[in-house]
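Please keep the sequence and the three-dimensional view at hand while reading.

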Amino acid sequence: MSSMYPSARLCQRCGRALTPSEVYCNTCGQYNSPAPAGGAAAGAPPPGVSWGGSSPQTNYGGRQPAGQQWGQIPSPTAPNNPYGGGVVQQPTYSGNSYAQQPSFYSAPPSAPVMGFQQDSMNGYNPAGYSQPPRKGGPNIGFIMGIIILLLVLVGAGFFGYKYITNHNSKAISITPTAAPNSTPSKPPLFSDSFQDNKSGWDLTSITGKFSVKVGGGSMVLEDDNNRLLYELLPGGRTYSNFQLNVDGQLSKGDRNNGYGIFIRGASNQNSDLATYYRFELYGDGTYAVFKGSIDANGKSQSSKLVDYTSNAAIQKVGNVNHITIIANGPSMSFIVNGQTLTTITDNGYTSGSTALFVSNLPAPTPPGAQAIFRNLVIYPV
């Protein structure tokens with residue numbers, strides 16, 4: 001097929017005859033060097049364009065946006081670019097000169113043409129999109145530090161509690177030498193179930209003032225004259241180290257009336273119990289411990305070793321309390337219903353007599369205080 005042009009140039013790709021002014025083949029788009037002046041053969045391509053290269057004006061198909069030429073795409077600075085870009089101008093050759101031809105290639109801001117930004121989504125960043133900070137994994141060192149701190153605090157609290165407990169125990173010396181409700185294996189030093197008066201108690205009584213009754217399993221002491229009435233163990237018995245068990249009850253009287261036991265008592269010319277230790281329970285559920293001593297005039301006087309103290313273990317007026325006293329050397333423990341109320345260490349008196357009592361003190365407490373005792377036993381320790 002002959003060319004329709006006298007100095008026809010042929011497309012280097014498809015071989016079609018080109019018009020003198022045709023640089024890009026209208027059939028395949030191949031760039032062909034323009035004919036030199038005077039109809040000379042194709043010369044060297046313009047700078048930056050290699051022989052046989054494809055046209056920079058590439059159409060990738062699709063609907064062409066209004067007002068935009070084929071081969072033109074939005075660039076990062078174009079005002080009509082929905083992604084904030086413009087157009088990228090690429091050189092195109094028309095006639096004997098180059099012109100800026102829009103290129104189809106565009107890229108997100110800060111991204112090179114024909115490439116994708118490293119942290120973009122599908123090659124671009126949507127407007128207003130920002131990558132949330134990456135959350136690191138759990139800090140193992142921090143967690144271990146918290147655990148160690150908790151262990152230290154718990155351990156410090158435990159040892160602090162043990163220290164305080166041991167310190168207070170040493171100060172109070174609550175160290176009973178026998179279980180409160182246990183029965184020693186040795187035979188008792190003295191015992192009386194009060195079925196009768198075979199032990200020889202002093203039953204002297206004065207109507208309207210005081211009375212002592214023994215029999216039927218109990219001893220009943222009553223004072224109607226605002227006095228403290230005590231009953232010494234018969235036979236002048238004295239004890240040094242011992243455990244005493246007895247059931248006691250304030251069966252009648254005011255909440256301020258008391259009852260209990262004298263231990264390690266001694267007499268003088270004025271009293272059978274001039275010196276002593278006295279453990280007293282009251283109708284309101286309190287207790288106290290007293291020490292009797294002799295003043296300069298030879299009279300007995302009482303001082304409190306333990307002031308009036310309430311304790312939930314003590315049953316109030318009308319109820320029975322199981323009382324235990326353990327005396328061993330200078331240590332004396334006072335126990336009610338299985339609970340140690342207090343332990344006292346005192347070297348004043350190491351042995352002496354024992355007595356049961358009821359107290360109708362102080363005046364003007366209404367008269368008629370009555371205490372009942374049962375099952376008295378004294379064991380050696």
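In which loop is Phe194 found? Phe194 belongs to the loop between β5 (190–192) and β6. This location should be read with one point in mind: the model is a predicted one.

The chain contains 1 helix and 19 strands. Of its 381 residues, 36% count as buried.

Let us return to the backbone at Phe194. Most residues other than glycine have a negative phi. Phe194 is not a glycine, yet its phi is positive, at about 60 degrees. Its relative accessibility is 0%, and because buried means under 20%, Phe194 counts as buried. A positive phi is also found at Asn337, again not a glycine, with a value of about 50 degrees. Asn337 is placed in the loop between β16 (331–336) and β17 (339–345). What is the relative accessible area of Asn337? The value is 32%, so Asn337 is partly exposed, since that class covers the range between under 20% and over 50%.

The next topic is the space within the model. Rolling a probe the size of a water molecule over the atoms shows where empty space is left. The largest pocket holds about 650 Å³ of space. It is lined by 24 residues, and the closest to its centre are Arg227, Leu228, Leu229, Tyr230 and Glu231. Which strands each supply at least two residues of this lining? They are β6 (210–215), β8 (228–232) and β12 (275–282). Strand β8 gives the most, with 5 residues. Sorted by class, the lining has 12 nonpolar, 5 polar and 7 charged residues.

Strand β12 also includes Thr275. With a relative accessibility of 11%, Thr275 counts as buried. If residues up to four places away in sequence are not counted, Thr275 touches Arg264, Gly265, Ala266, Gly292, Ser293, Ile294 and Tyr349.

Attention may now turn to the aromatic rings. A pair of aromatic rings is described by the distance of the centres and the angle of the planes. The structure holds 12 aromatic pairs. In one of them, Tyr230 and Phe262 have ring centres 5.9 Å apart and planes at 65 degrees; the pair is therefore edge-to-face, as angles over 60 degrees count as such. Tyr230 lies in strand β8 and Phe262 in strand β11 (residues 258–266), so that this pair links distant parts of the chain, 32 residues apart. Is Phe262 buried or exposed? Phe262 is buried, having a relative accessible area of 3%, whereas Tyr230, at 26% relative accessibility, counts as partly exposed. Tyr230 and Phe262 also belong to one aromatic cluster together with Tyr276 and Phe357.

Phe290 and Tyr308 form another aromatic pair that is edge-to-face, with 6.3 Å from centre to centre and 70 degrees between the planes. Because Phe290 lies in strand β13 and Tyr308 in strand β14 (residues 300–310), the pair ties together parts that are 18 residues apart in sequence. Phe290 is buried, with a relative accessible area of 6%.

The charged end of Arg278 sits over the ring of Phe290, 4.1 Å from its centre. Arg278 lies over the face of Phe357 as well, at 5.9 Å from the ring centre.

Strand β13 (residues 286–294) also contains Val289. Val289 has 0% relative accessibility and therefore counts as buried. Which residues is Val289 in contact with, leaving aside its neighbours within four places in sequence? The contacts are Arg278, Phe279, Ser303, Lys304, Leu305, Val306, Phe334, Thr342 and Ile344.

Technical notes:
Residues numbered from 1 in each chain as written. Predicted model: local features only at pLDDT ≥ 70, side-chain atom pairs only at ≥ 80, totals over all residues. Heavy atoms only, no water. 1 Å grid on protein atoms, 1.4 Å probe; cavity = no way out; pocket = protein on both sides within 12 Å on 5 of 7 lines; lining within 4 Å. Points joined across faces, edges and corners; volume = space filled by probe spheres on them. Helix = DSSP H or I, 4+ residues; strand = E, 2+ residues; numbered from the N terminus. Nonpolar A, V, L, I, M, F, W, Y, C, P; charged D, E, K, R; others polar. Buried < 20%, exposed > 50% of the residue type's maximum accessible area, 1.4 Å probe, protein only. Contact = heavy atoms within 4.5 Å. Phe/Tyr/Trp six-rings, centres within 6.5 Å; stacked < 30°, edge-to-face > 60°. Lys NZ or Arg CZ within 6 Å of the ring centre and 35° of its normal.
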